[in-house]
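I opened this notebook to record what I looked up in one structure. The entries follow the order in which I consulted it.

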Amino acid sequence: MDQTRPGTIAMLAGGAVLLISTVLDWQKVDFGIASASANAWDRGLSGFFLLIIAGIAMGIAGVTAFAPQVDLPGQVMGYTLTQVVMLLGASALVFSFCMLFAFEGFQIGTILAFASSAAVTAGGYMENTAEADQPPRPI
């Protein structure tokens, strides 16, 4: 754990907060005498989409940080694992940014999803930059 880089920590923390944000309120509508709220799981496949991204980010970062003896593949479909996390984080970032404007009364879940997907994207970028200085892993 003493060699854990900031990018790995950002991917782990961002993935965890992204996972938590899916169960928090994303939208609140006030009807005067009553109100209703919805989270990511009430919005179709949004919760599942973000769950998969959070799981991949936390899985790759967790194995890298806590189980370095596990031999992960060097590339997946021509991309390194950190590039995959960075691209998935960027897609969650765009998705959550759009959700900020799609809802009339966005709540804490939407804001946390946006911030945590930015952390996953930044962590993937930092790890990708750090890996560029090292020799490539075998495929």
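**Entry 1: Confidence**

I began with confidence, and I noted that in this chain it is lowest in strand 1, at a mean of 77, and highest in helix 1 (residues 6-21), at 90. I recorded that the model is a predicted one. For the chain, I found a mean pLDDT of 84, with 91% of its residues reaching 70 or more.

**Entry 2: The hairpin**

I next looked up how strand 1 is paired. Strand 1 (residues 27-30) pairs with strand 2 (residues 35-38) in the antiparallel sense, over 4 bridges. Within this pairing, I found Asp30 opposite Ser35 in strand 2. The two strands, 1 and 2, form a hairpin with 4 residues between them. In the turn I noted Gly32, which has a positive phi of about 90°.

**Entry 3: Helix 2 and helix 3**

I then turned to a pair of helices. Two packed helices are described by the angle between their axes and the distance between the axes. The axes of helix 2 (residues 46-66) and helix 3 (residues 81-102) come within 10 Å and cross at roughly 150°. Angles over 145 degrees count as roughly antiparallel, so helix 2 is roughly antiparallel to helix 3. I recorded the crossing of helix 2 past helix 3 as left-handed.

Which residues meet between helix 2 and helix 3? From helix 2 I listed Ser46, Phe49, Leu50, Ile53, Ile56, Ala57 and Ile60. These meet Leu81, Val85, Leu88, Gly89, Ser91, Ala92 and Phe95 in helix 3.

Definitions and conventions
Residues numbered from 1 in each chain as written. Predicted model: local features only at pLDDT ≥ 70, side-chain atom pairs only at ≥ 80, totals over all residues. Heavy atoms only, no water. Pairing = 2+ DSSP bridges. pLDDT = per-residue confidence, 0-100. Axes fitted to C-alpha atoms, helices over the stretch in contact; angles between N-to-C directions. Parallel < 35°, antiparallel > 145°, perpendicular 65-115°, else oblique. Left-handed = near helix turned anticlockwise from the far one by under 90°. Contact = heavy atoms within 4.5 Å.
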